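This report is written for a reader who meets the structure for the first time. Please keep the sequence and the model in view while reading.

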Amino acid sequence: MFFAFSILFVSIFLLDFKVVEFNGKLKEIAKKIPGNFIQIHQSYLINFDYIEECSYESVKMKNGDTIPISQSYRKSVRKQLAERVWRDRE
C-alpha cells in the first residue's frame with residue numbers, strides 16, 4: 001500500500017497491517033515499481049489505489065494511516081492526482 005524510508009531501512013506497509021522491512025533506498029524502489037505509486041514526501045511512496053482521502057497537507061490511506069505531503073512535493077502531488085482523476089473518468 002505504501003513505502004516508508006528511514007535511515008536504516010525501507011518499510012512496506014500492507015493492507016492487512018503487516019509491515020515488511022528491508023535494506024534499500026526509496027529512490028531505487030521508485031524506479032522499479034508500477035506507475036500507480038507516487039512520491040509525496042522524501043520518506044514516502046504511496047499507491048494511488050489505496051488513497052481514502054486527500055487534503056492539501058496529507059493523504060489518508062485505506063488502512064487509516066495519515067501520511068504527510070511535504071511542501072516540496074505538493075504541487076506535483078496535486079497535478080498527478082488531478083491527472084489520475086481525469087484518466088479514471090474516461
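The model is predicted, so to speak of a local feature requires a pLDDT of at least 70 and side-chain atom pairs count only at pLDDT 80 or more, while totals for chains, interfaces and linings use all residues. Numbering starts from 1 along each chain as its sequence is written, and side-chain values rest on heavy atoms, with hydrogens and water left out.

**The chain as a whole**

The protein chain has two helices and eight strands. These elements are DSSP runs numbered from the N terminus, with helices (H or I) of at least four residues and strands (E) of at least two. Read from the N terminus, their order is β-β-β-α-β-β-β-β-β-α. The radius of gyration is 13 Å, close to the 12 Å that the globule rule gives for 90 residues, so the protein chain is as compact as a globular protein of that length. Here the radius is taken over C-alpha atoms, and the globule rule is 2.2 Å times the number of residues to the power 0.38. Along the principal axes, the C-alpha atoms fill a box of roughly 40 × 25 × 25 Å.

Of the 90 residues, 36% count as buried. Buried means under 20% relative accessible area, exposed means over 50%, and partly exposed lies in between, with a 1.4 Å probe and protein chains only. Among contacts in the protein chain with a separation of 6 or more, 34% come from residues 24 or more positions apart. A contact means heavy atoms within 4.5 Å.

**Strand pairs**

Strands of a sheet pair through backbone hydrogen bonds, either parallel or antiparallel. In this report two strands pair if DSSP finds at least two bridges between them.

| Pair | Bridges | A bridge in the pair |
|---|---|---|
| E2 and E3 | four bridges | Val10 and Phe22 |
| E6 and E7 | three bridges | Cys54 and Val59 |
| E7 and E8 | three bridges | Lys60 and Thr66 |

E6 is joined to E7 by a hairpin of three residues.

An open sheet of three strands has the order E6-E7-E8, with antiparallel pairing. Strand E6 (51–54) and strand E8 (66–68) stand at its edges with a single partner strand each, so one side of each has no neighbour in the sheet. Neighbouring strands in this sheet are turned by 25° against each other on average, direction ignored. For such angles, axes are lines fitted to C-alpha atoms, for helices over the stretch in contact, and values run from 0 to 180 degrees between N-to-C directions.

**Nonpolar cores**

The largest nonpolar core has 14 residues, and Phe2, Ile40, Ile46, Ile51, Val59 and Met61 have the most contacts inside it. Such a core is a set of buried Ala, Val, Leu, Ile, Met, Phe, Trp, Tyr and Cys residues joined through side-chain atoms within 4.5 Å. Strand E1 (2–5), E4, E7 and H2 each give two or more residues to this core. Another core lies apart from it and has eight residues, among them Ile12, Ile29, Ile33 and Phe37.

Leaving aside neighbours within four places in sequence, Phe2 has contacts that include Ser11, Phe13, Tyr44, Ile46, Met61 and Ile67.

Ile38 lies in strand E4 (residues 37–41) and is buried, with a relative accessible area of 2%. Beyond its neighbours within four places in sequence, Ile38 is in contact with Tyr44, Leu45, Ile46, Phe48, Val77 and Gln80. Ile38 and Ser76 are 38 residues apart in sequence, and their C-alpha atoms are 9.3 Å apart in space.

Arg84 is part of helix H2 (residues 74–89). Is Arg84 buried or exposed? Arg84 is buried, with a relative accessible area of 15%. Its side chain and that of Asp49 are joined by a polar contact of 2.4 Å. A polar contact is a pair of N or O atoms within 3.5 Å; within protein, one must be able to donate a hydrogen and the other to accept it, and residues adjacent in sequence count only if both atoms are side-chain atoms. Not counting residues up to four places away in sequence, Arg84 touches Asn36, Phe48 and Asp49.
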